[in-house]
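Here is a short report on one protein chain. It goes from the whole fold to single residues.

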Amino acid sequence: GAARPLPPGAAAPLAARGPAGGRRLVVATLPYSVSGPLPAELVAAVPQLDAAVLLVQKEMAQRVAARPGSADYGGLSVAVQAAFAATSLRDVPPDVYRPRPKVVSAVLRLQRRADGLTEAAPTERREFLAFVRQLFGQRRKALRTTLARAVAAIGGTPPPTHDAGPQQRAQTIPPGTRPQR
């Protein structure tokens, strides 16, 4: 089925305080219905996560790890890559499962970025995710059309200029691009 938002607090157990000085890792096989929402929730709710290794459908791994300008690059790519370096490590063919699924899976590694969004306050992380959702909600529109709506979603006013030209589309901008001030 299609990806749906996670229930509020679904990632709360992952955000619970762990042992002092310990690394926080997540290793999971995710059903398709949460393979998009869960990585985004890890960005929003689990700032101290060091890494995750997730088994997901190949197309989801491609979307999360996609590079700017590629067909798979979108809001989920930006949201996750703002906090983690995302790498699709290897494909897992259907014949290793019983019963065999009709899809290929992939091992996806998320490694915390030292300069990433995980260093921001929880409200800033949630605002960023809301901004990205709005910005990519109409992914074929030029920034001049979508930027005002995306900035309004987080209670701001659009900047007068941006590194990207007004004709550029959101899916071509790398996660680290910052607006001019």
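A residue counts as buried when its relative accessible area is under 20%. By that cut-off, buried residues make up 39% of the 181 residues in the protein chain. The model is a predicted one.

**Overall fold**

The chain has 7 helices and 4 strands. Along the sequence they follow the pattern α-β-α-α-β-α-α-β-β-α-α. Take the contacts with a separation of 6 or more: residues 24 or more positions apart account for 64% of them. The accessible surface comes to about 10,100 Å². Carbon and sulfur atoms hold 55% of that surface.

Helix H3 covers residues 37-45. Of its 9 residues, 9 are buried, so H3 is largely enclosed by the rest of the structure. The buried set includes Pro-37, Leu-38, Pro-39 and Leu-42.

Two packed helices are described by the angle between their axes and the distance between the axes. The axes of H3 and helix H6 (residues 122-137) come within 8 Å and cross at roughly 145°. On the H3 side, Ala-40, Glu-41, Val-43, Ala-44 and Ala-45 make the contact. On the H6 side, the residues are Arg-125, Arg-126 and Leu-129. By class, this contact has 5 nonpolar, no polar and 3 charged residues.

Is Ala-45 buried or exposed? Ala-45 has a relative accessible area of 19%, so this residue counts as buried under the 20% cut-off.

**Helix H4**

Helix H4 spans residues 58-65, and its buried residues are Met-60, Ala-61, Val-64 and Ala-65. Why do the buried residues of H4 line one face of the helix? Seen down the axis, they fall within an arc of 120°, so they share one face. They pack against helix H2 (32-35), strand E2 (51-57), helix H5 (75-81), strand E3 (84-92) and strand E4 (105-112).

**Ser-35 and Val-56**

Ser-35 sits in helix H2. Its side chain reaches the backbone oxygen of Tyr-32 at 3.0 Å. Beyond neighbours within four places in sequence, Ser-35 is in contact with Leu-30, Val-56 and Met-60. Met-60 is one of the buried residues of H4.

Val-56 lies in strand E2. Leaving aside neighbours within four places, Val-56 is in contact with Leu-30, Ser-35, Ala-61, Ser-105, Ala-106 and Leu-108. Val-56 and Val-107 are 51 residues apart along the chain, and their C-alpha atoms are separated by 6.6 Å.

| Residue | Relative accessible area | State |
|---|---|---|
| Ser-35 | 1% | buried |
| Val-56 | 2% | buried |
| Ala-45 | 19% | buried |

**A cis peptide bond**

Most peptide bonds are trans. Which form does the bond from Arg-98 to Pro-99 take? That bond is cis, with omega near -5°. Pro-99 lies in the loop between E3 and E4. Strands E3 and E4 are among the elements that the buried residues of H4 pack against.

Technical notes
Residues are numbered from 1 along each chain as its sequence is written. This is a predicted model: local features need pLDDT of at least 70, side-chain atom pairs count only at pLDDT 80 or more; totals for chains, interfaces and linings use all residues. Side-chain values use heavy atoms; hydrogens and water are left out. Helices (H or I, at least four residues) and strands (E, at least two) are DSSP runs, numbered from the N terminus. Buried means under 20% relative accessible area, exposed over 50%, partly exposed in between (1.4 Å probe, protein chains only). Contact means heavy atoms within 4.5 Å. Accessible areas come from the Shrake-Rupley method with a 1.4 Å probe; for residues, only the protein chains shown count as cover. The arc is that of the directions from the helix axis to the C-beta atoms. A polar contact is a pair of N or O atoms within 3.5 Å; within protein, one must be able to donate a hydrogen and the other to accept it, and residues adjacent in sequence count only if both atoms are side-chain atoms. Axes are lines fitted to C-alpha atoms, for helices over the stretch in contact, and angles run from 0 to 180 degrees between N-to-C directions. Ala, Val, Leu, Ile, Met, Phe, Trp, Tyr, Cys and Pro count as nonpolar, Asp, Glu, Lys and Arg as charged, and the others, Gly among them, as polar.
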